[in-house]
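Visitor: I am new to this structure and would like to be guided through it with some questions. Could we begin once it is in view?

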Amino acid sequence: MKRKKALILASTSAGHGRGLHFVSRVAESIRDLYKELVVFLSPSKEEGQARVIHEAEQGSDIIVCGGDGTFNAVINALAPRGMKATLGYVNAGTLGDIGRNFGISRRVGRAIKIIQRGLTSPFDIVQATASNGETSYFAYMLACGAYSEIAYVSGGYRKALLGRFDYYRLALQDALKEQEIHYRLIGRGLEKEGETPFLLFLNGRRVAGFPVNPKGDISDGTFEGYIANPGAFNGLLHYLSRRELYRCSIHSCRIEVKDDVRWCLDGEPLLKGPLDLQVKPHAFSIYSAFSE
């Protein structure tokens, strides 16, 4: 039986336009699965989100041809409205960390086969609310401090030429520039305060292409907090030895930092200052290499 309808949302900017090179291949490969298939080449985040909302209201699957930022934009279009949708993901970004949680790599053919097979998995998202009431959501990562701005600072001809290596170039610059954030983490069974080069909250397995939490589960109703003590390369080496690294499992919490601290959510600079964090279990389903 054919599925009802699908929207293929293709980002014109993710992976320096990589998605546009194979969007027609994706469309032709899954066209027979649906009674109706629509392709939208999104010229901006806002226009893409408006189209996603319109299609989700009609019960369409949303097939994302983009990177982590495009995926985040879809989440932040639907979640504030309490809308659910079945998603598909074809990684057209530079790293595509979100896809690894569902067995989706950068291989386009592999991603297409996963959608064709039709097995879905539920996944959690995390709601982040700032002191001014502004709310955003992340699917896999929230961070501030050292290294956190790399995903959105990287761009232009260097990123087009170097791809992921432009991220590593910026990471090296950050490693040599000492940074420090005062924080206070409060939650059920949580009470921790101190100084750290950067804060990382991970709802999944990978950050910047590295398996920080390889056994992580994006659908278990919790997310992980990582706080590194100050040290060489802004505490980055603590992730290798796991010494001087605090790790906790969280369902909800408050993280207090200075008002001017900017947060990166799934690679996008969306919020500032203290945040209240809350898991939204099984907020969406996605075509996955793993069955429910």
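Visitor: Which residue meets K5 in a salt bridge?

Guide: In this predicted model, local features need pLDDT of at least 70 and side-chain atom pairs count only at pLDDT 80 or more, while totals for chains, interfaces and linings use all residues. Residues are numbered from 1 along each chain as its sequence is written, and side-chain values use heavy atoms, with hydrogens and water left out. A salt bridge is taken as a side-chain nitrogen of Lys or Arg within 4 Å of a carboxyl oxygen of Asp or Glu, and the side chain of K5 has such a contact, at 3.7 Å from N to O. The partner of K5 is E36.

Visitor: Where do K5 and E36 lie, and how many residues apart are they?

Guide: Helices (H or I, at least four residues) and strands (E, at least two) are DSSP runs numbered from the N terminus. By that numbering K5 sits in strand β1 (residues 3-11) and E36 in strand β2 (residues 34-42), so the pair links distant parts of the chain. Their separation is 31 residues.

Visitor: Is K5 buried or exposed?

Guide: Buried means under 20% relative accessible area, exposed over 50%, and partly exposed in between, computed with a 1.4 Å probe and protein chains only. E36 has a relative accessible area of 40% and is therefore partly exposed. K5, because its relative accessibility is 8%, counts as buried.

Visitor: How many disulfides does a search of the whole structure find?

Guide: A disulfide is counted when a pair of cysteine sulfur atoms lies within 2.5 Å. The whole structure was searched, and the number of disulfides found is zero.

Visitor: What is the distance from C248 to the nearest cysteine sulfur?

Guide: C248 is buried because its relative accessible area is 6%. It is in no disulfide, and the nearest cysteine sulfur belongs to C253, at a distance of 7.2 Å.

Visitor: How many of the eleven residues of helix α3 are buried?

Guide: Helix α3 covers residues 68-78 and is mostly covered. Among its buried residues are D68, F71 and L78.
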